[in-house]
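Hi,

Here is the structure I said I would pass on. Have a look at it first, and my notes come after.

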There are 2 protein chains.
Amino acid sequence: MPANSSSPGTFMVRKLSSIFSLSDEEKQALHDLPMQVVPLERDQDIVRAGDQPSQCCLVLEGFTYVYKLTLEGQRQILALHVPGDIPDLQSLHLKVVDISLAPIFPCTVGFIQHEDLRRLYERYPRLTAVLWRETLVHASIHREWLLNNGQRAAYARLAHLLCELLMRLSAVGLVENDTFHLPVTQSELADATGISSVHMNRVLQALRADGLIETQGKQVHVLDLEKLKQAGGFDPLYLQLEDGVAT
Amino acid sequence: MPANSSSPGTFMVRKLSSIFSLSDEEKQALHDLPMQVVPLERDQDIVRAGDQPSQCCLVLEGFTYVYKLTLEGQRQILALHVPGDIPDLQSLHLKVVDISLAPIFPCTVGFIQHEDLRRLYERYPRLTAVLWRETLVHASIHREWLLNNGQRAAYARLAHLLCELLMRLSAVGLVENDTFHLPVTQSELADATGISSVHMNRVLQALRADGLIETQGKQVHVLDLEKLKQAGGFDPLYLQLEDGVAT
DNA sequence: CGCCTAGTTGAACTTGGTCAATCGGAGTGG
DNA sequence: CCACTCCGATTGACCAAGTTCAACTAGGCG
């Protein structure tokens, strides 16, 4: 690992290099990307639908999510992002973004200029594939969510979502003893799974009653991962993780 | 348009160049891609979940769709593809595909070797962005489907899906007088929108009764596009079409 | 202490699912 | 040409998961 392993880009490099072996030079180039580190406020969209951004957002600490609204104002959360993710990398090639991106407070992100990214992969062509791949994995997660939200009952949907978060947070080293920090509201979980917040509350209680999870404040402790996977019909293939756990 | 405008790749070139102005040389390179043209049989998957393909599939005539199954065997259709689409372009960078790809009979596709695609965009770097962009647009459609299937009632879901198909088929010149050919079963429409086939039948009848559409065999005739868009809360931004209609 | 947000609970209600039977049209073999 | 078969479309009756509305509780913070 390069010398500056505590630079803002650490999670990103860790994540990208875990699935595509990079040379030290390429890793260093990623670390050296100019980045504007910004701690975000509550209720402040990072990107708004209709924007034409000239930069991308890298999650450094905490979570972000992308969402869309129907004309009637119902919110669907389309994806959650963990440290190391670049939620709006697609804006590099799609002029107008059609989604909104918001942080889950507290959250710190790094803004990277599109032109710096383009310079990066023109100089290191293999990094094109790495970044492209990053967008493809997010598309793969979208597909799994379509299956999850379209074909599974509410209980299974939540179980599946929790399995996914456990795996993705493990991959960047943010899980200990099957426990992770998840500072989202029940209403956000509901909008991610396409159920009402009242029902989300009941489903959470059911998962607790069945001994699959335990929550303390915003900590989620998975008590029985095997049962949780089974309940959600979870198969991690779609996450395209190589080994699954960061060192 | 290059001389061989009736080559198998015509729809693809038409589609890709409509959103990213290409030089004649780049268009010609796309036309010249080696391709194995295959008319498909009924009930024959093109790609199966778990495969590690060394080629991509370009839709030439008809439709294809990707789907996933839950462990209980329920099918969710994740995307529909029209001529010019490359449904499994992601396999270029994701080793194991996690989805299955199937044709809607009758259907003809062209298989393009991954190495030929790589050679193409190494020689014409701007085409990297074009292909990357293609995968990003599909991801954008996935997001809209998540919103559609998660937040809208069945009637609106179907209206939205029909609007999308009308726009995408228009973009490749396959719509005349607001009429297009859609050789899918009601059961497939149901699995795409996450409702039961019985209910899909009723929703279709409702759309017909309300005078929004008319069907004759597998032809769909949109009678009132404005009302259909309104019913589905349809906003075409996510399709990232430049002008929307092919010449 | 009071406010505000998120979480929790109960009860009535609705959308859409399930089951089961029937219809209809296209292809097939006699 | 006709009977047979098969698959998809259609219909009706009943059922259940999840929504909606409304009230109430609990925790964090100025």
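This is a predicted model: local features need pLDDT of at least 70, side-chain atom pairs count only at pLDDT 80 or more; totals for chains, interfaces and linings use all residues.

**Chain A against chain B**

Let's start with the protein-protein side. The contact draws 45 residues from chain A and 45 residues from chain B. Between them, chain A and chain B bury about 4,100 Å², and carbon and sulfur atoms give 66% of that area. Which residues of chain A lose the most area to chain B? They are Trp132(A), Arg143(A) and Leu146(A), which together make up 20% of what the chain A side buries.

**DNA strand C**

Around DNA strand C there are 16 residues, and the closest are Gln186(A), Asn201(A), Arg202(A), Gln205(A) and Ser196(B). Of the atoms of DNA strand C that come within 4 Å of the protein, sugar and phosphate account for 68%.

- Gln186(A) has a side-chain N or O atom 2.6 Å from a phosphate oxygen of DNA strand C.
- Gln205(A) also puts a side-chain N or O atom 2.6 Å from a phosphate oxygen of DNA strand C.
- For Lys218(A), a polar side-chain atom is 3.5 Å from a phosphate oxygen of DNA strand C.

Two elements give two or more residues to the surface near DNA strand C: helix 7 (197–209) of chain A and helix 7 (197–209) of chain B. Helix 7 of chain A gives the most, with 5 residues. Sorted by class, the surface near DNA strand C comes out as 5 nonpolar, 7 polar and 4 charged residues.

**DNA strand D**

DNA strand D is surrounded by 16 residues, the closest being Ser196(A), Gln186(B), Asn201(B), Arg202(B) and Gln205(B). Here sugar and phosphate make up 62% of the atoms of DNA strand D that come within 4 Å of the protein.

Both chains show up in the phosphate contacts:

- A polar side-chain atom of Ser196(A) sits 2.7 Å from a phosphate oxygen of DNA strand D.
- His199(A) has a side-chain N or O atom 3.3 Å from a phosphate oxygen of DNA strand D.
- From chain B, Gln186(B) brings a polar side-chain atom to 2.6 Å from a phosphate oxygen of DNA strand D.

Helix 7 of chain A and helix 7 of chain B are the elements that give two or more residues to the surface near DNA strand D. What gives the largest share of this surface? Helix 7 of chain B does, with 5 residues. The classes near DNA strand D are 5 nonpolar, 7 polar and 4 charged residues.

**How helix 7 of chain B is packed**

Helix 7 of chain B also meets other helices of its chain, and I looked at two of these contacts.

With helix 6 (residues 186–193) of chain B, the axes come within 8 Å and cross at roughly 100°, so the two helices are roughly perpendicular. Helix 6 of chain B brings Gln186(B), Ser187(B), Leu189(B), Ala190(B) and Thr193(B), while helix 7 of chain B brings Ser197(B), Met200(B), Asn201(B) and Leu204(B). That contact has 4 nonpolar, 5 polar and no charged residues.

With helix 5 (residues 154–171) of chain B, the axes come within 10 Å and cross at roughly 70°, so this pair is roughly perpendicular as well. Among the residues that meet are Leu158(B) and Leu162(B) of helix 5 and Val203(B) and Leu207(B) of helix 7. The contact of helix 5 with helix 7 in chain B divides into 10 nonpolar, 1 polar and no charged residues.

Cheers

How values were computed
Residues are numbered from 1 along each chain as its sequence is written. Chains are lettered from A and ligands numbered from 1 in the order in which they are written. Side-chain values use heavy atoms; hydrogens and water are left out. A residue is near a molecule or strand if one of its heavy atoms lies within 4 Å of it. A polar contact is a pair of N or O atoms within 3.5 Å; within protein, one must be able to donate a hydrogen and the other to accept it, and residues adjacent in sequence count only if both atoms are side-chain atoms. Helices (H or I, at least four residues) and strands (E, at least two) are DSSP runs, numbered from the N terminus. Ala, Val, Leu, Ile, Met, Phe, Trp, Tyr, Cys and Pro count as nonpolar, Asp, Glu, Lys and Arg as charged, and the others, Gly among them, as polar. Axes are lines fitted to C-alpha atoms, for helices over the stretch in contact, and angles run from 0 to 180 degrees between N-to-C directions. Angles under 35 degrees count as roughly parallel, over 145 as roughly antiparallel, 65 to 115 as roughly perpendicular and the rest as oblique. Contact means heavy atoms within 4.5 Å. Buried area is the accessible area (1.4 Å probe) that two parts lose on being put together, summed over both.
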